[in-house]
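Reader: Could you walk me through this structure, starting with the terms you rely on?

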Amino acid sequence: MKIQRKPEWLRKKVPQGEQAAMRGLLSELKLNTVCQQALCPNISECFGCGQATFLILGRDCTRQCSFCNVDKAPSPQAPDADEPRRLAEAVLRLKLSHVVITSPTRDDLADGGAGHYAATVAAVREVSPATAVELLVPDFGGDYTALATVLAAQPAILAHNLETVPRLYEVRKGADYQRSLDLLQQAALHAPAIPTKSGIMLGLGEELDEVRAVLQDLRRVGCSYLSLGQYLAPSKRHQPVVAYIPPQQFDLLRDEALALGFRHVESGPYVRSSYHAANYA
């Protein structure tokens, strides 16, 4: 499928100079970020102001999602027991009031990495108790015991992205739409004080009514926060972009989502699930 050139609103420059200090810190502490792994177009903006979305549990994912640039491997390295301490040091040195922590999907681990998430939250709280910790978690294969481990760590926000509409779930290899919805519902039921959050990419071929149905599903399971952004293919090997969504449609969906009862919505071509994350809290 031949896709038109990116429209003017998606021609964002990514100056490397603004990233130097953050890249130096990450290298020193041997930490990964999804910003780098996913080739996020907002990387200079966020790195330049001392923000990053940390990627724990290694750089390799056990699933084969066709839209994602994170590395894939059936048997990733074992979790690094010292990683929570190093990440906490980064939070302290960056003086972060809000930090987002995510990971690849680790189907190879018995708990999906839930214990490592909890240890990371505890390490951050020990050195910077005022920092709000947002966790963007995988589906843990539907294991609610793993989810309970994460919720017991009491993150400020528990996020899990649906990514797209049910009809297009072939782009999420190994995932299941209902399983992801159920995770968000279980989180809201068992830890109602912890708001839940989800994100959707647009431009994969979804219809507007399909997106609206997903928003209604999210509200039905008690999801409080929402991000909507344009899908951009990391390379020609990845899922192709079907459409570039105009900013006006993102504005329309933001208004409709807020009318459904979402507490906060970030919606725009460059929005990603952790973009302006502190605005949600």
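Author: Happy to! A residue is called buried under 20% relative accessible area, exposed over 50%, and partly exposed in between, with a 1.4 Å probe and protein chains only. This is a predicted model, in which local features need pLDDT of at least 70, side-chain atom pairs count only at pLDDT 80 or more, and totals for chains, interfaces and linings use all residues. Residues are numbered from 1 along each chain as its sequence is written, and side-chain values use heavy atoms, with hydrogens and water left out.

Reader: Thanks! Does Asp 209 count as buried or exposed, and in which helix is its place?

Author: The relative accessibility of Asp 209 is 56%. Because that value is over 50%, Asp 209 counts as exposed. Helices here are DSSP runs of H or I with at least four residues, strands are E runs of at least two, and both are numbered from the N terminus. The place of exposed Asp 209 is in residues 208-220, helix α8.

Reader: What separates the C-alpha atoms of Asp 209 and Leu 29?

Author: Along the chain, these two are 180 residues apart.

Reader: How many helices and strands does the chain have, and what is its radius of gyration?

Author: The chain has 9 helices and 10 strands. Its radius of gyration, taken over C-alpha atoms, can be set against the globule rule of 2.2 Å times the number of residues to the power 0.38. For 281 residues the rule gives 19 Å, and the chain comes close to that, so it is as compact as a globular protein of that length. The counts are thus 9 helices and 10 strands, and the radius of gyration is 18 Å.

Reader: What percentage of the residues count as buried, and what percentage of the contacts join residues 24 or more positions apart?

Author: Of the 281 residues, the buried ones make up 53%. A contact means heavy atoms within 4.5 Å. Among contacts with a separation of 6 or more, residues 24 or more positions apart account for 74%.

Reader: Where is Leu 57 found, and what is its phi?

Author: Leu 57 is found in the loop between β2 (53-55) and β3 (60-61). Its relative accessible area is 2%, so Leu 57 is buried. Most residues other than glycine have a negative phi. Leu 57 has a positive phi, near 65 degrees.

Reader: And what is phi of Phe 140?

Author: The place of Phe 140 is in the loop between β6 and α6. Phe 140 counts as buried, at 8% relative accessibility. Again the value is positive in a residue other than glycine, with phi of Phe 140 near 55 degrees.

Reader: Is Glu 266 buried or exposed, and which residues does it touch?

Author: Glu 266 lies in strand β10 (residues 264-267). Its relative accessible area is 12%, so Glu 266 is buried. Not counting residues up to four places away in sequence, Glu 266 touches Leu 226, Ser 227, Leu 228, Val 271, Tyr 275, His 276, Asn 279 and Tyr 280.

Reader: Last one: with which residues is Cys 46 in contact?

Author: Cys 46 lies in helix α3. Leaving aside neighbours within four places in sequence, its contacts are Gln 51 and Tyr 275.
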